[in-house]
Amino acid sequence: MSAKLTSQRRISPHEGQEGGSIGSASAAASFGWRNGSASPGEGVDSCRQRSQIGNPGLLLVVAICFSLSAQAAEEPSRGKRDLDFFLLQQVLPHIAVGGGWTTTLTFVDVGEQAGTFPLKFYLPDGSPWVVSPTGMGPSSEFTITLAPGRFVEVELPDNSPNITTGWAEIQQPRDLSGGGTDIGGQAIFTDTSPTQPNRPDFEAVVPLSSFADSAFFLPFDNTGGLVTCAAFANPSELITNTVTLDYRDENDNSLLLDTLVLGPKNQTAFCFPDRSPQLDGSKGLLSVTSSGLELSALAFRFHPGGAFTTFFPMSCLGAALGSCQ
């Protein structure tokens with residue numbers, strides 16, 4: 001089922017967007033963290049040529065080509081269409097709705113031509129998630145049409161006492177030569193804490209994530225009552241992704257080596273001390289590597305007073321090529 005949404009509001013390139021304490025562990029729990037290609041035979045040289053390797057801004061395209069050219073030999077049924085599809089995806093790895101939480105997605109056409117793109121929602125098991133944005137009917141997929149310099153907001157309101165979590169993706173109509181629309185996006189997470197009416201609302205914003213965060217670092221801090229929680233989504237339609245989590249302290253000593261297995265379109269979210277109690281009271285850096293190209297992640301640090309902030313995955317430019325240490 002698909003619903004259509006067309007934005008009519010015009011913005012300038014610089015116009016801004018509007019937008020009793022609760023313990024960090026409780027805030028994290030309420031946020032939903034605590035739930036337990038190339039065508040056959042297409043070679044690297046051909047892929048390089050199509051992706052204009054001389055353009056430094058398309059380094060990731062080259063990395064994708066290397067990966068997909070290798071995968072095509074094992075999965076020839078993927079076809080050329082999937083190579084383009086991989087380049088189109090942007091991901092919001094975690095969404096929380098209900099139980100005091102609202103998530104508002106904003107999309108802006110920052111390019112020079114109008115475009116139409118699908119916005120799809122998924123539950124953690126990869127099945128379609130039917131949501132009911134403000135002013136719209138229920139659906140798991142929405143078609144958004146934007147003119148250059150215009151934006152649209154999709155608000156998922158707090159309309160249930162129970163929290164539901166999942167993730168979302170958009171697929172931009174672009175090609176390897178750089179043509180097509182250019183869409184930017186972000187999400188605002190709002191915690192209204194209905195059980196504590198005298199406490200102010202808290203918000204944090206995250207940009208849409210890359211679908212190819214296949215190797216990156218993520219800071220974490222579980223000291224002084226702080227709690228770090230993370231979400232990982234596998235945007236692939238076909239490939240199961242094994243994700244290695246290497247937690248290290250401030251002196252680069254190993255704290256824990258863990259593994260996640262994410263099936264196609266699967267997502268998981270957890271707070272570090274809940275999944276691994278030995279990380280309670282620790283602070284350091286998480287090194288994340290995945291067996292496949294496609295992975296998206298985000299993290300939040302919750303304060304004992306209820307406030308929270310975002311931690312972003314950080315990687316070197318060569319991460320997708322496997323050249324980072």
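**Two sheets and a few well-placed residues**

Me: What makes β13 (residues 241-249) and β16 (residues 283-290) a pair of strands?

Reply: These two strands are joined over 7 bridges in the antiparallel sense. R248 stands opposite L285 in β16. Please keep in mind that this is a predicted model.

Me: How do you know that β13 also pairs with β14?

Reply: β13 and β14 share 8 bridges and pair in the antiparallel sense. With at least two bridges required, the 8 bridges are enough, so β13 and β14 count as paired. L245 stands opposite D258 in β14, and Y247 has L256 as its bridge partner in β14.

Me: What makes D252 worth a look in the hairpin of β13 and β14?

Reply: D252 lies in the loop between β13 and β14. The hairpin has 4 residues between its strands, and D252 takes a positive phi near 70° there. Its side chain also joins that of R248 in a polar contact of 2.8 Å. The limit for a polar contact is 3.5 Å, so the 2.8 Å between D252 and R248 falls within it. D252 and G284 are 32 residues apart in sequence, and their C-alpha atoms are 7.9 Å apart in space.

Me: Why is H94 called buried?

Reply: H94 has a relative accessible area of 0%. H94 has its place in strand β2 (residues 89-97).

Me: How do you know that H94 and Q267 make a polar contact?

Reply: Their side chains are 3.1 Å apart in this contact. That is within the 3.5 Å limit, so H94 and Q267 qualify.

Me: Where does β15 (267-271) stand in its sheet, and what makes that place an edge?

Reply: This is an open sheet of 4 strands in the order β15-β12-β17-β18, and the pairing is antiparallel. β15 and β18 (308-311) stand at the edges because each has a single partner strand, leaving one side of each without a neighbour in the sheet. From one strand to the next, the twist averages 20°.

Me: What makes β17 (residues 296-302) a partner of β18?

Reply: 4 bridges join the two strands, which run antiparallel. At least two are needed, so β17 and β18 pair. R301 has T309 as its bridge partner in β18.

Me: Is L298 buried or exposed?

Reply: L298 is found in β17. Its relative accessible area is 4%, and the cut-off for buried is under 20%, so L298 is buried. L298 and T310 are 12 residues apart in sequence and 7.6 Å apart in space, C-alpha to C-alpha.

Me: How many helices and strands does the protein chain have, and what share of its residues is buried?

Reply: The protein chain comes to 5 helices and 18 strands. Of its 325 residues, 51% are buried. The accessible surface is about 14100 Å², with 52% of it belonging to carbon and sulfur atoms.

Me: Where is the pLDDT below 50?

Reply: The chain averages a pLDDT of 76, and 67% of the residues score at least 70. Over residues 6-23 the pLDDT is below 50, and this stretch has 39 contacts in the model beyond near neighbours in sequence. Over residues 35-87 pLDDT also stays under 50, with 85 contacts beyond four places in sequence.

Note on methods. Residues are numbered from 1 along each chain as its sequence is written. This is a predicted model: local features need pLDDT of at least 70, side-chain atom pairs count only at pLDDT 80 or more; totals for chains, interfaces and linings use all residues. Side-chain values use heavy atoms; hydrogens and water are left out. Buried means under 20% relative accessible area, exposed over 50%, partly exposed in between (1.4 Å probe, protein chains only). A polar contact is a pair of N or O atoms within 3.5 Å; within protein, one must be able to donate a hydrogen and the other to accept it, and residues adjacent in sequence count only if both atoms are side-chain atoms. pLDDT is the predictor's confidence in each residue, from 0 to 100. Contact means heavy atoms within 4.5 Å. Axes are lines fitted to C-alpha atoms, for helices over the stretch in contact, and angles run from 0 to 180 degrees between N-to-C directions. Accessible areas come from the Shrake-Rupley method with a 1.4 Å probe; for residues, only the protein chains shown count as cover.
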